[in-house]
Amino acid sequence: MLEGFWYIAGESVAVRAGRPFAAVLCNQPVVLFRDGQGRVHALENRCSHKGVPLSSAWQEGDSLRCPFHGWRFISSGECVEVPAIGNVAHPSSTSACVKTFPAEEQDGWVWVYIGNDRCPKPSAPPPSLPVPADGSPMVSVRQSAEAKVRWDFAVDSLMDPAHVPFVHNKYFRRREAARKKEKVFTRLPLGFRTISQNVLLPDTFIFRALSPGLGSATTTVDFVLPGIHLERWEIGKRFASVMLVATPLTDERSRFDISVGWNFLRGLSLGWLVRRTLRTILGQDQEVLELQEQGFGQKGGMLLNLESDTLAVWYRRLKRYRLDQLAGVPNPQHPVPEEVTLRWIT
Ligand code: FES
Ligand SMILES: [Fe+2]
């Protein structure tokens, strides 16, 4: 688990007024609730009295009342009312407080910041779906899928070019149309980027929707910690973007959340079709990653020595780099070269 980052707890629409919502992020149970102004708050999902999950609490105004002995908590985490002592605040206010987490909404997701002593507060807002430079409006859709897979494997799949023609055959390209690619990668503060100009769009239904004549595109793909893949596609005035996030729920479970946005054909109701396609694609990843987890569980170890596995190696080293930065290690070395060309066939 990597602390000091924003993680997606769920879709904004899932956190409804008056209905506390349970989530688990980085092994941490969290309860989300929406106050009278519509703002979302995140508290530890555990009453400080005897541990009942506060997601089972009933919401009273902008506070949560535990169903066991009626302690009432406000969004700052304070216990402001204990019925057994006459409906007054708990006398040991610090130990009766429940922990709180910064929470923000962005692009239809609720993001919760999981910090620690070294990075208790976020230094930037949550990540967002890339938007077109010309400011043209976009429509966007979201989809999520949980998998019984450790987080490292889920993150690997966000930047594993070699799995695409196999796991997602016919979606992003056809397996038989695989060809040699050369990608120039540059360094980002906690990740890496590759920009490709004049990319000939593969002949699949996804790219036919993006550009019926399959024109040439400029694409930008970023990977940044903790597990975020951002992608921009530009074909003339048409723009589409993707944000794919892998989130650690527990040591054994992860979730993928994907947003896709586009600035063309906005009048057509394509959202349901895109959502359905995203569900299929995430299901393909889920299935193969759960198989990987089964096999890996029998005997650990991986062979990551091909050029197409370089990104997985960088990811592991980026995590170490980040932990060294937080630990105050002098001059930690960024694992990604300032510029490097990688080659593979996909
Ligand atoms: S367990 Fe919550 S009030 Fe007792
Ligand atoms: Fe995939």
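Helices (H or I, at least four residues) and strands (E, at least two) are DSSP runs, numbered from the N terminus, and the expected span of a helix is 1.5 Å times one less than its number of residues. The model shown here is predicted, so local features need pLDDT of at least 70 and side-chain atom pairs count only at pLDDT 80 or more, while totals for chains, interfaces and linings use all residues. Residues are numbered from 1 along each chain as its sequence is written, chains are lettered from A and ligands numbered from 1 in the order in which they are written, and side-chain values use heavy atoms, with hydrogens and water left out.

**View 1. Helix H6 and its neighbours.**
Let's start with helix H6, which runs over residues 310-326. Its 17 residues reach 24 Å from the first C-alpha to the last, close to the 24 Å expected at 1.5 Å a residue. Look for its buried residues (buried means under 20% relative accessible area, exposed over 50%, partly exposed in between, with a 1.4 Å probe and protein chains only). Among them are Leu 311, Trp 314, Tyr 315, Leu 318 and Tyr 321, and also Lys 319, Arg 322 and Asp 324. Which elements do the buried residues of H6 pack against? They pack against strand E1 (5-11), helix H2 (151-156) and strands E13 (180-188), E14 (191-200), E15 (216-224) and E19 (339-345). Contact here means heavy atoms within 4.5 Å. Gly 328 follows H6 and has a positive phi, near 75°.

Is Ser 308 buried or exposed? Ser 308 is buried, because its relative accessible area is 13%. Not counting residues up to four places away in sequence, Ser 308 touches Pro 161, Ala 162 and Trp 344.

**View 2. Helix H5 and Thr 277.**
Helix H5 has 28 residues and spans 41 Å from its first C-alpha to its last, close to the 40 Å expected at 1.5 Å a residue. Its buried residues include Leu 278, Ile 281, Leu 282, Leu 289 and Phe 296. The buried residues of H5 pack against strand E12 (139-147), H2, helix H3 (164-167), helix H4 (205-210), strand E17 (238-248) and strand E18 (254-262). Thr 277 is buried, with a relative accessible area of 15%. Leaving aside neighbours within four places in sequence, Thr 277 is in contact with Tyr 171, Phe 205 and Ile 206.

The chain is divided into domain 1 (5-114) and domain 2 (139-345), with bounds that come from an automatic or database domain assignment. The contact takes 15 residues from domain 1 and 20 residues from domain 2. Taken over C-alpha atoms, the domain centres are 33 Å apart. Now look for the second largest pocket, which holds about 370 Å³ of space. Of the 19 residues lining this pocket, Phe 5, Trp 6, Ser 123, Ala 124 and Pro 125 are the closest to its centre. Why does the second largest pocket lie between the domains? Domain 1 and domain 2 both give residues to its lining. (On a 1 Å grid over the protein atoms alone, a pocket is an open set of points where a 1.4 Å probe fits, with protein on both sides within 12 Å along at least five of seven lines; lining residues have an atom within 4 Å of a point. Grid points are joined across faces, edges and corners, and the volume is the space filled by probe spheres set on the points.)

**View 3. Glu 60 in strand E5.**
Glu 60 lies in strand E5 (residues 58-60). At 29% relative accessibility, Glu 60 counts as partly exposed. Apart from neighbours within four places in sequence, Glu 60 is in contact with Arg 65 and Arg 72. Pro 137 is 77 residues from Glu 60 in sequence and 38 Å from it in space, C-alpha to C-alpha.

**View 4. Backbone angles worth a look.**
Most residues other than glycine have a negative phi, and most peptide bonds are trans. Asn 27 has a positive phi of about 70° although it is not a glycine, and sits in the loop between strand E2 (21-25) and strand E3 (28-34). Asn 87 also has a positive phi, near 55°, and lies in the loop between strand E8 (79-81) and helix H1 (93-96). The peptide bond from Leu 225 to Pro 226 is cis, with omega near 5°. Pro 226 is in the loop between E15 and strand E16 (228-235).
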